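This briefing is meant for a reader who is meeting the structure for the first time. Please look over the sequence and the model below before going on to the notes.

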Amino acid sequence: MSMDVTFLGTGSAYPSPCRGASAVVFRTEGECWLFDCGEGTQTQFMKSLLKAGRITKIFITHLHGDHLFGLPGFLCTVSLQAGSNLSKQHVDIYGPVGLRNFIHTSLEISHSQLVFPYSVHELVPSEDQCPAEEFKDLSGYAGKNGPSLEEQTLHADPSDGTYKLLENEQFVVQAFKLYHRIPSFGFVIAEKDRPGKLNVNKLKELGIQPGPIYGKLKLGSSVTLENGQIIHPSDVLGDPMPGRKVCILGDCSGVTSVGAAKLCQDSDLLIHEATLDDEQMVKAKENGHSTPKMAAEFANLSHAKKLVLNHFSQRFKPPGLITEGDDDVTILKTQAESVFMGQEVILAEDFMTITIPMKKTD
């Protein structure tokens, strides 16, 4: 099954001619999810090969404008493009408390009506996620329920500070707390292990020809043959194929969930902000941001296989676009590589797509 991540916006603070504001798309067969929706995200979709109308889930890391201001417009454009098409799927939106009110108010004041149903599921943050003077209790802004009665208010597991957002046949999606100027979150998409390959030769030796029985065994059900013999999936299936894991962190200068590193353990792809370079670490921390060294240290802690640096200050440009006052973005890659124990480091660029290959069994 294919799986990839496409970056639509890799800059911080505001969209520029070089980098859009934060937006990342995660895709697998049958699923297309958006992480953050900064100003101009719908325009970035139009410049890409992605289809905005295929988005079924949206995850907002935190409520700063460069991660959020594009959302009302994006939803309205998807609705406009859907027209009278009633087949448009339900959209689930996840993010911190206050997000529901922001969406409802934006749509209500602008007299905007969506043709598709949506639900906003809010994560309740804690005071240790930002400076004390910046923390605001937004529970009073939770807002009334929207078009769906399935909206949830999600609380962290008190044992490790993580949140379970959803689980289906393919994935488990969880969140964890980050420290920023306002409460921020990271998201982990963990693909479930898939059944191993059927041993067709062994099945034929048992006198079982291709057909419905193959399907039942593949799905994990035991079958009874006409002679009374019971065949269990473990008799004819190879080792399970390990699932893949993608971690996407919002703005942060550290994590506050004690279970964060465990949740991200052995991730195939870890996407971490690196707003400023290591020489500006003090300034980065003061503003709730990270540097390449900080990102690489968390990647080491969680034994990530590949680190993608993202959310760069707009002053960092690719070598061919550097003008007076700009810095070379490749220095950020060099700084991360010196810490990330020889693993691969990638600098995110707008419209870059990274494929996460299926894992091989021994």
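**Strands and sheet**

Strand β3 (residues 31-35) and strand β4 (residues 57-59) run parallel and are joined by three bridges; strands here are DSSP runs of type E with at least two residues, numbered from the N terminus, and two strands pair if DSSP finds at least two bridges between them. This is a predicted model, in which local features need pLDDT of at least 70 and side-chain atom pairs count only at pLDDT 80 or more, while totals for chains, interfaces and linings use all residues. Residues are numbered from 1 along each chain as its sequence is written, and side-chain values use heavy atoms, with hydrogens and water left out.

- Leu34 has Ile58 in β4 as its bridge partner.
- An open sheet of mixed pairing is formed by eight strands, in the order β7-β6-β5-β4-β3-β2-β1-β20.
- At the edges of this sheet are β7 (153-154) and β20 (353-355), each of which pairs on one side only.

**Domains**

- The protein is divided into domain 1 (4-193 + 242-355) and domain 2 (200-235), with bounds that come from an automatic or database domain assignment.
- The centres of domain 1 and domain 2, taken over C-alpha atoms, are separated by 44 Å.

- Thr6 lies in strand β1 (residues 3-9) and is buried, with a relative accessible area of 3%; buried means under 20% relative accessible area, exposed over 50%, and partly exposed in between, using a 1.4 Å probe and protein chains only.
- The side chain of Thr6 makes a polar contact of 2.7 Å with the side chain of Thr353, where a polar contact is a pair of N or O atoms within 3.5 Å and, within protein, one must be able to donate a hydrogen and the other to accept it, residues adjacent in sequence counting only if both atoms are side-chain atoms.

**Aromatic rings**

- The whole structure holds 10 aromatic pairs, counted when ring centres of Phe, Tyr and Trp (its six-membered ring) lie within 6.5 Å, with planes under 30 degrees apart called stacked, over 60 edge-to-face and the rest tilted.
- Tyr163 and Phe185 form an edge-to-face pair, at 5.5 Å centre to centre and 80° between the planes.
- This pair links distant parts of the chain, with Tyr163 in strand β8 (residues 162-167) and Phe185 in strand β10 (residues 184-191), 22 residues apart.
- Tyr163 is buried at a relative accessible area of 1%, and Phe185 also counts as buried, at 0% relative accessibility.

Note on methods. Helix = DSSP H or I, 4+ residues; strand = E, 2+ residues; numbered from the N terminus.
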